[in-house]
Each structure stands twice: as structure tokens, then as C-alpha cells.
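Reader: I've just opened a new structure and I'd like to learn how to read it. Could you walk me through a few features?

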Amino acid sequence: MSMSEGHRPSGAAGSSSNRTIRFAQLIAGLVLFGTSLALLVRSGLGLDPWDVFHQGLSVASGLSIGVCTIVVGAVVLMLWIPLRQRLGPGTVANVVLVGLSLDAVLTIIPPTHSMAVRWTYLVAGIVLNGIATGAYIGAGLGPGPRDGLMVGLARNGRSIRVVRIAIEVSVLVVGWLLGGTV
């Protein structure tokens, strides 16, 4: 059969399906990422630097940590403009879905005083964070806002290592001063 008889090249049909799978992978990864952060928060045993910052803002403002995560993500995206960073659909989804799922899961996972349960939350949160990060980055639909900031700042010949450390230490210290859990 020729193309005029209704056949599409084999890659055309697969690309739509592939994009759907990648989008589903992105959504699942971001929801799991928010879930992993909720586990870390519930552990009470410490957070990554950005979430120390988000938690500190939450303590200082009275807003939920998820809302603070969304607001900070949106502000960081605004910092992309002068850096001429290109966002993808995954970048925008990251800003919204991580904070929403973080808050949603915090309503489900009860706080605990049991050290064994807290350590279980911590370890499960760390493992799930790695899986979730691989899923949303592997979808290839755009970097997270914080990673894009780092790449944009390092673009002009700065060491990505130095830029990353400077950003992470800055948000960690500010978050800790605001009341976040280090």
C-alpha cells in the first residue's frame, strides 16, 4: 500500500504514544516527588536545602509548605527570564504538582513520635525521592525550576559545582533561620 492509501510512517503513530507515556511518567514522577518530600517532612529528621527553605517560609508565613514550594518555584521561574532559560511543560508541571502533592500527602500521613516510624519515613522518602527524580527527569519534558536556575547561572563559564553549592547553602541557611528543619 502506498502512503495515499492511508498508511502513516511507523514513527508518526509511535511519537504520539511516546509523548503520552512520557507525560504520564512526568506526572507520576512529580506526584511521587511531592510524596517523598511529605515523608521527609513527617520524619522530622531533616530536609534537603530547598525544602528547609520552603518549610522555613511556611513557619514564617503561616502558609502550607506545599503553597510555599509553589510560590518559590514560580519566583525561581521568573529568575529564568534574564538567564534566557527555556522551560518545558515539565518545568511548569513541576512548580504546581510537587507542592500540591506534598500538601495532599501530608494530610494522609500522620505525624508520629515513634523514632522507628520516623526513620522509616526518612529512608522511604530518600529512596522514593531518587526514583521520582529519575522518572520526571527521564521524561525529558523540561528541568525543574531550581535546576534550571543553577544551569542558567553556571552558563557563563562559572563552575556548576560552585553555583550549586552557593545556591544550596544559601537556601539552607535562610530556611534554617526561618525555622526549617535541617
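**Helices, a turn and some charges**

Author: Happy to. Let's begin with helix H4, residues 89-108: it has 20 residues and reaches 28 Å from its first C-alpha to its last, close to the 28 Å expected at 1.5 Å a residue. Keep in mind that this is a predicted model.

Reader: At which residue does H4 bend, and by about how many degrees?

Author: Look at Val95, where H4 bends by about 25 degrees.

Reader: What follows H3?

Author: That's Arg84, with a positive phi near 55 degrees. Arg84 has this positive value although it is not a glycine. You'll find Arg84 in the loop between H3 and H4.

Reader: Is Arg84 buried or exposed?

Author: The cut-off for exposed is over 50% relative accessible area. Arg84 has 69%, so it counts as exposed.

Reader: What about H2, how many residues does it have?

Author: H2 covers residues 49-61 and has 13 residues; its C-alpha atoms, first to last, reach 18 Å, close to the 18 Å expected. Trp50, Val52, Phe53 and His54 are among its buried residues, and Asp51 and Gln55 are also buried. After H2 comes Gly62, whose phi is positive too, near 85 degrees.

Reader: Now the charges. How many salt bridges are there?

Author: The idea first: side chains of opposite charge can pair when their charged atoms come close. Here the count comes to two salt bridges. In one of them, the side chains of Asp147 and Arg164 meet, at 3.1 Å from N to O. Asp147 lies in helix H6 (residues 145-154) and Arg164 in helix H7, so the pair ties together parts that are 17 residues apart in sequence.

Reader: Which residue does Glu168 form a salt bridge with?

Author: With Arg164, and the closest N and O atoms are 3.1 Å apart. Glu168 and Arg164 both lie in H7, four residues apart, about one turn of the helix. Put together, Asp147, Arg164 and Glu168 are linked in a network of salt bridges.

Reader: How do I tell whether those three are buried or partly exposed?

Author: Buried means under 20% relative accessible area. Glu168 has 16%, so it is buried. Asp147, at 24%, counts as partly exposed, and so does Arg164, at 32%.

Reader: Which residues make the nonpolar surface patch?

Author: Ile165, Val169, Val173, Trp176, Leu177 and Val182 make it, and the patch is about 610 Å². Take Val169 as a case: this residue lies in H7, which runs over residues 160-178. At 44% relative accessibility, Val169 counts as partly exposed.

Technical notes. Residues numbered from 1 in each chain as written. Predicted model: local features only at pLDDT ≥ 70, side-chain atom pairs only at ≥ 80, totals over all residues. Heavy atoms only, no water. Helix = DSSP H or I, 4+ residues; strand = E, 2+ residues; numbered from the N terminus. Expected span 1.5 Å × (residues − 1). Bend = angle between axes of the 7 residues up to and from the residue. Buried < 20%, exposed > 50% of the residue type's maximum accessible area, 1.4 Å probe, protein only. Patch = residues over 30% accessible without salt bridge, like charges linked within 9 Å, V, L, I, M, F, W, Y side chains within 5 Å. Areas by Shrake-Rupley, 256 points an atom, 1.4 Å probe, with all protein chains shown as cover. Salt bridge = Lys/Arg side-chain N within 4 Å of Asp/Glu carboxyl O.
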